[in-house]
Amino acid sequence: MSKSKIITGIAAISIIFYATSVYWSVEPDNFSPTQVTEELTKNNADIAVGSYMTATLIKSIQTLDGKNGGYLSNSVLPPAILMDNMPSWEYGLLEQSRDLMLVLRRDLSRSQTQSTENKDLQKAHGSLNVEHTRLFPTNANSEYKKTIAELQTYLDKLNDSQSKNAQFYARADNLAEWFKQVEKRLGSLSQRLSASVGQYRINTDLSGDLGAEQSTFTESGSNVKTPWLEIDNVFWEARGSSWALYHYLKAARIDFKGVLQKKNALASVDQIILELEASLQPVGSPIILNGAGFGFFANHSLVMANYLSRANAAVIDLRRLLEQG
């Protein structure tokens, strides 16, 4: 075989791999929690409280395998093994889903601290916590499908008037518990996004408590900067997390409508949803730019951090409102 044919073949394969990776990197479309819930509850005329968040969680996890290219985080074949944006997106969705799954198992499905855990949610939580890159002995895809099956069983029991083995308690304190997880996740992401340009940060770990201590000594301040090769990974992780949270909040608005109306907080939830929706606008650049804060080029990480910080501030305010009794 001539050298020119070999070069042509390599070029053709490279073009195919590149086109495939671009197609697989397209983010999934948004979906309607109401429509998904009606489908998963078989259009039950009297949909039980908690069904919207449960069905939306199921649909979000299904999206991992149902989007372009399927689940990529544990793939060992090209071009998936060469990609990092979409696997980072998948990880962001997973982390946000794990936070909700934890609260669903620990708080939302239990009436009090002394009540027993729901067995279906216990199994679902265990499967969802499998390392996202696992391939052997059982791959992550199979474990997440087990989570979907267990959540569907829980959803079916919620909507079975004869079954008393599954409950969902739409109370203000339970919603506040979930918001505690949300604000920590958004706070971490916004800090990592902001560190794309590097900055000196004052150590405030023990602020506000004179008697507070920590295990090891840390300096009064330090330079924080996200490594250059990880900037786009953090950005896409934040996109995946925002995508999941956007849908979970829309579902929570329905399941907790009575609680939110009593607190006159529906508008606050709507504002958080709008901030997250804005963070999911299409990216107009083929690469994630990392310009200086007020420099000539854009900094996509700082833009994303702005939306998440605003959403996080609103979540904190809403959580405090819910805890006021």
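Student: Which helix gives the most to the lining of the largest pocket?

Tutor: Bear in mind that this is a predicted model. Helix 8 gives the most to that lining, with five residues. The largest pocket has a volume of about 1000 Å³. It is lined by 34 residues, and the closest to its centre are Ser25, Asn85, Trp236, Pro286 and Ile288. Two or more lining residues come from each of helix 1 (3–24), helix 4 (85–108) and helix 8 (231–255).

Student: How many residues of the lining are nonpolar, polar and charged?

Tutor: The lining divides into 21 nonpolar, seven polar and six charged residues.

Student: How should I read a helix, and which residues of helix 11 are buried?

Tutor: An α-helix has 3.6 residues a turn, so residues three or four places apart point the same way. In helix 11, the buried residues include Met304, Leu308, Ala311, Val315, Leu318 and Leu322. The buried residues of this helix pack against helix 7 (172–194), helix 8, helix 9 (257–262) and helix 10 (266–279).

Student: What caps the N-terminal end of helix 11?

Tutor: Asn299 does, with a side-chain oxygen 3.1 Å from the backbone nitrogen of Ser301. Helix 11 has 23 residues and spans 33 Å from first C-alpha to last, close to the 33 Å expected.

How values were computed
Residues numbered from 1 in each chain as written. Predicted model: local features only at pLDDT ≥ 70, side-chain atom pairs only at ≥ 80, totals over all residues. Heavy atoms only, no water. 1 Å grid on protein atoms, 1.4 Å probe; cavity = no way out; pocket = protein on both sides within 12 Å on 5 of 7 lines; lining within 4 Å. Points joined across faces, edges and corners; volume = space filled by probe spheres on them. Helix = DSSP H or I, 4+ residues; strand = E, 2+ residues; numbered from the N terminus. Nonpolar A, V, L, I, M, F, W, Y, C, P; charged D, E, K, R; others polar. Expected span 1.5 Å × (residues − 1). Buried < 20%, exposed > 50% of the residue type's maximum accessible area, 1.4 Å probe, protein only. Contact = heavy atoms within 4.5 Å. Polar contact = N/O pair within 3.5 Å; in protein donor to acceptor, adjacent residues only side chain to side chain.
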